[in-house]
Amino acid sequence: MTDAVVADLRARWTRTLVAARAGADGPDPGPYADNLLARWAEPQRRYHTTAHLIAVLDHVDTLAGHAADPDLVRLAAWFHDAVYLPDRSENEERSARLAERALPEAGLSTETTAEVARLVRLTVTHDPADDDSNGQVLCDADLAILAAAPEAYAAYAAAVREEYAFVPEEAFRDGRAAVLRQLLRLPRLFHTPHGAREWEEPARHNLTVELELLAAS
């Protein structure tokens with residue numbers, strides 16, 4: 001990650017945090033950005049990396065007009081995989097608790113902190129309510145990779161396999177296939193108008209192709 005990318009991310013974090021403070025005072029945003037960026041750069045990550053963070057933030061920007069409070073969605077994007085160990089199942093909960101500890105110290109109110117933590121926890125199921133516009137934006141932004149061009153999707157699938165390199169091949173195939181079938185059974189993968197229009201069809205195509213490749217391997 002270049003110095004320019006780091007500087008841009010720190011600037012994005014600062015703008016978002018200051019806006020979410022809604023005029024309240026708070027400490028220097030920089031150390032919080034540095035802590036989060038160090039987490040996103042941990043060596044066990046292959047897909048859930050800083051590149052994924054950037055992609056989710058960019059997708060939130062695309063969908064921001066649909067969110068009730070896009071800055072809180074952006075904060076949730078920063079925290080949603082801030083704690084990530086591939087062999088642990090409670091990453092989202094631990095990430096939400098990190099937000100609950102850090103954000104009040106960083107100058108956010110109890111209410112805004114609670115909303116960010118709620119959004120982080122929602123990424124367990126990616127199943128926001130019909131009236132949850134913030135949740136719809138975060139979930140769609142997080143799953144947008146499913147609708148990537150075929151080469152980018154293949155790279156995503158390969159990176160997921162690398163993160164789970166400790167899992168034997170047959171067990172991984174079975175588990176991954178179960179995840180793909182679960183996604184394909186959902187009545188809809190995307191909830192925002194943009195996501196439904198632009199991402200639903202290519203995502204279902206990518207999932208189906210990966211499932212067929214797993215079955216053939």
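Me: What radius of gyration does the protein chain have, and what would a compact globule have with 217 residues?
Reply: This is a predicted model, and its protein chain has a radius of gyration of 17 Å. A compact globule with 217 residues would come out near 17 Å, so the two agree.

Me: Nice. And what does the C-alpha trace span along its principal axes?
Reply: About 60 × 35 × 30 Å.

Me: How much of the chain counts as buried?
Reply: Of the 217 residues, 48% count as buried.

Me: Which elements is the protein chain built from, helices or strands?
Reply: Helices: there are 11 of them and zero strands. Reading from the N terminus, the order is α-α-α-α-α-α-α-α-α-α-α.

Me: What about contacts between residues at least 6 apart in sequence, how many of them join residues at least 24 apart?
Reply: That share is 63%.

Me: Switching to charges. How many positive and negative side chains are there?
Reply: The chain has 22 positive and 36 negative side chains. The centres of the two sets lie 3 Å apart.

Me: Now S89. Where is its place in the chain?
Reply: S89 sits in the loop between α4 (70-79) and α5 (91-105).

Me: Buried or exposed?
Reply: S89 counts as exposed, because its relative accessibility is 69% and the cut-off for exposed is over 50%.

Me: Let's do rings. How many aromatic pairs does the count come to?
Reply: Seven aromatic pairs. One of them is Y164 with F172, a tilted pair with 6.4 Å centre to centre and 40° between the planes.

Me: How are Y164 and F172 placed for accessibility?
Reply: Y164 counts as partly exposed at 26% relative accessibility, whereas F172 is buried with a relative accessible area of 11%.

Me: What kind of pair do F190 and W199 form?
Reply: Edge-to-face, because their planes stand at 65° and the cut-off is over 60 degrees. The ring centres of F190 and W199 are 5.5 Å apart.

Me: Last one: which residues form one aromatic cluster?
Reply: W13, W78 and F79.

Terms used. Residues are numbered from 1 along each chain as its sequence is written. This is a predicted model: local features need pLDDT of at least 70, side-chain atom pairs count only at pLDDT 80 or more; totals for chains, interfaces and linings use all residues. Side-chain values use heavy atoms; hydrogens and water are left out. Helices (H or I, at least four residues) and strands (E, at least two) are DSSP runs, numbered from the N terminus. The radius of gyration is taken over C-alpha atoms; the globule rule is 2.2 Å times the number of residues to the power 0.38. Buried means under 20% relative accessible area, exposed over 50%, partly exposed in between (1.4 Å probe, protein chains only). Contact means heavy atoms within 4.5 Å. Lys and Arg count as positive and Asp and Glu as negative; His and the chain ends are not counted. The place of a charge is taken as NZ of Lys, CZ of Arg, CG of Asp or CD of Glu. Rings of Phe, Tyr and Trp (its six-membered ring) pair if their centres lie within 6.5 Å; planes under 30 degrees apart count as stacked, over 60 as edge-to-face and the rest as tilted.
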